[in-house]
Amino acid sequence: MPLLRPSRLTRLQRWQRTQASFWRQMAQRPLSLIGTLIVLGFIFLAIFGPMLAPYRYDEFIRDEENRRLTRVAPSWEHPFGIDKDSRDVFSRVIWGARGIITLPGAATALSVALGTMLGLALGYYGGLFDEIISRALDSLLSIPALVLALVALGILGPSPLTIILVVVLLYTPIVARVIRSATLNLRASGYVEAARLRGESGIYILFSEILPGVLPALIVEAALRFSYAIFLVASLGFLGLGVQPPSPDWGKMVEEASGEYANAPWALYFPAAAIALLVISVNLMADGLRRIFRHEGSLP
Amino acid sequence: MYLNEAHLNGRSGISRLMFTTAILLILFALSATGVTAQADAVLRVGLNEPQNLDPATGSNDPEILFNRTIYDYLIEINPDNSIVPALATEWEIADDGLTYTFALAEGATFHDGSPFTSADVVYTFNRLVELGSPALGLLGEFEISAPDEATVVFTLAQPNADFLYGVGNRHALILRDGTEEVNVVGDDYASFNGTGAFILTDYSPGESATFEANANYWGGAPALAGIEFIFFPDSQAQIDALLDGAVDFIFKLDVDQISALEGQDGITVLERATNQHPVIRIRSDEGALGEDSRVRQAFKLATNRPELLDIVQQGYGVLGNNDPIGPSYADFFTDVEGDDVHDPAAACALILEATGEERISSDFYVVDAFNYESLAVSLQQQWAEGCIDVNILLRPEGEYYASNEWLEVDLGITGWGDRPVPQGYLIEAYITGGIYNETHFSDAELDELVAQAAVTTDVAERAAIYAQIGAIFADRGPIIIPWFASVLGAANSSFEGLELHPFPGQTDFRTVSFAG
């Protein structure tokens, strides 16, 4: 036991040092820092939003005489106003954060996991296997994202699960390509060669030797994919695919309010602004990550 | 003086700011001057482009409006659903209800100068039969003959109480006898040969159609000098064009769009009550959600119709009931007492009594049209108070109808357009085996009454039958009608005499004048 203690402390200290270094470097890039904080804020809303929102997403706002209020402009009581269906837009935007974070988040995580495994294998083993799979992935990438999404949703029927499947189908090849090229750079490095000479298995070399090396590229790619996935999911919501009323999906909210912009523009502006803010923030965060890793020499 | 780079960059930001402000003020002043009409008496109509120009088969509003401008009917259905003479000045119905004799107007001529005679009427109606026109739904089976140039006689296979509505239906525009090519755009516009008040002088596909007033019109020359149809692909573009003064009249607007036009300077909002309505329908055959009439009644009790009309429809319409015989059928509409009671507690009690469960739940299919999504969202909350939980499934309009899903689901909302007579709805959707009986409702008493109404020509007797039908719907019917919608349009206030028709394509421009 006493022998283990210093090692454990060292690991903790190393982690703390990495954290401190990360935030210090983020602080030198104020825009990226703001972006990251906003993303964290949205994640907080996704977790605790339903507890914080003043109303339920489908609750009708009524006056003292129990009459439904509609198209009420923003006020202190309803900071984002009330929509045509008597609902508090502020509460709906807060409730909607969960869907717009979790659905693209889960889909991105899955794409990144699959793409990483595929990219590592393609880059490390190479040869005919790499040629065939890479060309197949390239052909998938040549189809415009929204077209592929519409076809897939048309065939499989719109549901959250299908949307995840569509995002995975779209983004796995992209992640795989990025990781493959990073792996190609590392394949010939000395420590990989050493592991091979030690007689380590392919799986060990991929996940213990190469993966840590491609991790910076992977994190940046994951953040970028996340922002694209948010936009794609919001677009599908706007097109009315995958979500049903009275869902507080931001894309759907924009669609519902788009015919109403002359009467209740606030119902359009706030969910649209929320989508824009989240996507821009994730991009700023990704940009910050990229710069930090490049500064540390982990990225080309 | 001209603005060079030195001016823009060197003379500080203040002059640039003033320049920009001045431009913005000018633009604002221009936009604030309101809608302006052109000086002459040409009415510019903004609408979708008609696709099928044949009067016998072209069905939608722009198609009918286009043809109605050039051609005339034998008799006309007024916006209030009354029947008035047109190319037929009077008519007689034989006692057995099988023979209709029409006397024709004298002195009417086609645009090419040829006189209008009974041969033209015979040709037109036979052509409707030949082409299988939708007009046959109301006309039924008939034969037509012309004893002389000024008389036509229709002989029916069986009595048809709605036959006159068939004669005046929107497809029955009178064509010149023997016309082989009807409404074909060629080197000239000779094939657009009607007796109507306006003559087509130009047609540019995708852009516009131009008509000039027919100075020799048999009913007296119209007040307008001409009409121009300007084609727009969507209604928002039409609204923008009206606000910019580029068109003078638009129609078929959504309630959400019309409320943005209310109160605008120089714009008159036009509204006409119709029988167009959403049907909230509960499938009622064996094993279906509404098999037990108590469940169907629970849905009715849980529905707060005045709130739906007030909030979702923004008041543009008439409160609905439980049957499709709406207030626009002035002779036949009866307000069944207790038809629209809202009592969620009573709904819960009925649910418990009928099913033994505290609450019931169902998928709720909603066609994605008009404001039906908002209607569904409101119903979901109202019904929840009445112990009914629904899961809304919005369906694209084309897919929902084309796949016949609408005829199969347990619970849904369907849109039903305006019909000139109530019989159409009853025969299509509510009698046993009706072609569009989406609720699978089957009631022997109702079937019998609908058959009786079809052959009862006496209005009072028919009204009594429809009252009994209304009572059946209130007692055990499978539908809830939240409202009968108004058709909505808007016009430049400089024009007078514009009256929207319940079927907007039948709007009459002969009475319109430019007041300046």
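A disulfide is a pair of cysteine sulfur atoms within 2.5 Å. The structure holds one over all chains.

This is a predicted model, in which local features need pLDDT of at least 70 and side-chain atom pairs count only at pLDDT 80 or more, while totals for chains, interfaces and linings use all residues. Residues are numbered from 1 along each chain as its sequence is written, chains are lettered from A and ligands numbered from 1 in the order in which they are written, and side-chain values use heavy atoms, with hydrogens and water left out.

Select B:Cys348 and B:Cys387: their sulfur atoms lie 1.9 Å apart in a disulfide. B:Cys348 belongs to helix H11 (residues 344-355) of chain B and B:Cys387 to the loop between helix H12 (372-385) and strand S16 (388-396), so the pair ties together parts that are 39 residues apart in sequence. Helices (H or I, at least four residues) and strands (E, at least two) are DSSP runs, numbered from the N terminus. The S-S torsion is about 95°, so the disulfide is right-handed.

Proceed to the aromatic cluster that includes B:Phe66, B:Tyr189 and B:Phe509. Rings of Phe, Tyr and Trp (its six-membered ring) pair if their centres lie within 6.5 Å.

In chain A, select A:Arg68, whose charged end sits over the ring of A:Phe60, 3.8 Å from its centre. A charge sits over a ring if NZ of Lys or CZ of Arg is within 6 Å of the ring centre and within 35 degrees of the ring normal.

Finally, colour chain B by pLDDT (the predictor's confidence in each residue, from 0 to 100). The chain B average is 89, but residues 25-39 stay under 50.

Note on methods. Contact means heavy atoms within 4.5 Å. Rings of Phe, Tyr and Trp (its six-membered ring) pair if their centres lie within 6.5 Å; planes under 30 degrees apart count as stacked, over 60 as edge-to-face and the rest as tilted.
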